[in-house]
Amino acid sequence: MFKHTLKALVCAFPLFAGFASAADPISIKFAHVVAEHTPKGQGALLFKKLAEERLPGQVKVEVYPNSSLFGDGKEMEALLLGDVQLLAPSLAKFEHYSKPIQIFDLPFLFNDINALDRFQQSPQGQALLKSMEGKGLTGLGYWHNGMKQLSANKALYEPKDARGLKFRVQASAVLDEQFKALRAAPRKMSFAEVYQGLQTGVVNGTENTWSNYESQNVYEVQKFFTESDHGAIDYMVITNTKFWNGLPADVRSTLDAVMAEVTVEVNKQAEVLNAASRQRIVDAGTSEIIILTPEQREMWRESMRPVWKKFEGDIGVDLIQAAEQANQSS
Ligand code: LMR
C-alpha cells in the first residue's frame, strides 16, 4: 500500500524522485567556461578537493570546465533554477543583475591587478558581492584572471589601427562601447565560440588574458597580440542565495572557509599562470607580441576613456572615485 502511494507520488510530482535521503552527500555542481589549467579552472578543482576533504561524505563537488555543462548565456539562469550551484562568471557578465558591477569593465580604470584587488577588498568592493541577493545571487569572493590584451589579424599599435575591424566582446555594454569608441565593430559572442569566430573571420580580433588566449589556442588564428593592459578579466564566484543559506550551518561555514582559502590561492597563482601562458605563446612562434611605447599606450587610453562618461550614471560617480583611489599605492 505504502509502496503504491509512493509510486503515485513520484509519478505525480517528479521532483520527489530527486529527493536525497539523509545519508546522501549534498551535490554541488561548479560550472565554468574556461580550460582547467587557467586560474579559474585550477580554483574550481582546488575547491572540490578541499571541500570533499573537509566534509567527507557530506558534500560531493562536480566541476564542469569548458562550457561542458552550461556556457555563457545560460549559466546564470541555470544557477537560479538550481541546476548548478556554483559559477564564476567574468565581472563583465553581470549587467542584467547589477549595473554598478559594470565598473570592472571601464577601460584603463585600474593600473594593475593589485589595484583591482585593493578595490575588491574595500568596503565598496565587498558590498558588490551582496548587491544581487534581492535577485537570488550571492557573491562568495573575487578570483583573479589577469589584465586584458588586444589581439587581431593585423598589427595594432595605435587606436586608428583598430578602425573598421570586428572584435569579439563579452556580453557587456561597456565593452561594446569601448570598441565603438575606436570606431571598430564589436560583436557579442560566447567564450566557447571565440576560436571558431576568429578562424572563420566572423571577427578579426578580440581582447582577453594570456591564459585564455593560450588555453583556447587563439595564437593559431591571430597574427598579433598587443600588450595593452587596458582592463582586466576577473571573476565573481556566485551561488544561489537560497541554496547557500539553506545549507546546514556547519557545512556552510566550512564551505565559506574553503572558499576563502581557495580565493587566496587562486589570486596568488593567477599572475604566474598568465606569465606561463604568455611564454607558451611566445614559444609557439606563430604570432607577434607588440609592446606599446608609453606614448602609444596613452593614445589608447585617450580613445577609450570617454566610455566612462556614458556609464557613470548607472555605476555611480562615488564608486568610480573609490576605484580610482585604489590605484594610489600602485
Ligand atoms: C570571456 O568570455 O572571454 C571570459 O569571460 C571567459 C572567462 O571566463 O575567463
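User: Why is Tyr 142 called buried?

Analyst: In this predicted model, Tyr 142 has a relative accessible area of 2%. Buried means under 20%, so Tyr 142 counts as buried.

User: What makes the pair of Phe 104 and Tyr 142 tilted?

Analyst: The ring centres of Phe 104 and Tyr 142 are 5.8 Å apart, with the planes at 55 degrees. Rings pair if their centres lie within 6.5 Å, and planes under 30 degrees apart count as stacked, over 60 as edge-to-face and the rest as tilted. The angle of 55 degrees therefore makes this pair tilted.

User: How do you know that this pair ties together separate parts of the sequence?

Analyst: Phe 104 belongs to the loop between strand S3 (86-87) and helix H4 (113-121), while Tyr 142 belongs to strand S4 (residues 137-147). The parts that the pair ties together are therefore 38 residues apart in sequence. Phe 104 has a relative accessibility of 5% and so counts as buried. Ring pairs also join Phe 104 and Tyr 142 with Phe 110 and Phe 119 in a cluster.

User: Why is the pair of Phe 30 and Phe 47 described by another term, edge-to-face?

Analyst: By the rule for ring pairs, the count is eleven aromatic pairs. In the pair of Phe 30 and Phe 47, the centres are 6.4 Å apart and the planes stand at 75 degrees. The cut-off for edge-to-face is over 60 degrees, so the pair receives that term. Phe 30 is in strand S1 (residues 26-31) and Phe 47 in helix H2 (residues 39-54), so that the pair links distant parts of the chain, 17 residues apart. Phe 30 and Phe 47 are both buried.

User: What makes Arg 305 count as lying over the face of Trp 308?

Analyst: Arg 305 is 3.6 Å from the ring centre of Trp 308. The distance limit for a charge over a ring is within 6 Å, together with a position within 35 degrees of the ring normal. Arg 305 is accordingly listed over the face of Trp 308.

User: How do you know that Ser 228 is buried, and what does Ser 228 reach?

Analyst: Ser 228 has 1% relative accessibility and therefore counts as buried. Ser 228 is placed in the loop between strand S9 (224-227) and strand S10 (232-240). Its side chain reaches the backbone nitrogen of Leu 150 at 3.5 Å. Not counting residues up to four places away in sequence, Ser 228 touches Phe 108, Lys 148, Gln 149, Leu 150, Leu 292 and Arg 297.

Terms used: Residues numbered from 1 in each chain as written. Predicted model: local features only at pLDDT ≥ 70, side-chain atom pairs only at ≥ 80, totals over all residues. Heavy atoms only, no water. Phe/Tyr/Trp six-rings, centres within 6.5 Å; stacked < 30°, edge-to-face > 60°. Helix = DSSP H or I, 4+ residues; strand = E, 2+ residues; numbered from the N terminus. Buried < 20%, exposed > 50% of the residue type's maximum accessible area, 1.4 Å probe, protein only. Polar contact = N/O pair within 3.5 Å; in protein donor to acceptor, adjacent residues only side chain to side chain. Contact = heavy atoms within 4.5 Å.
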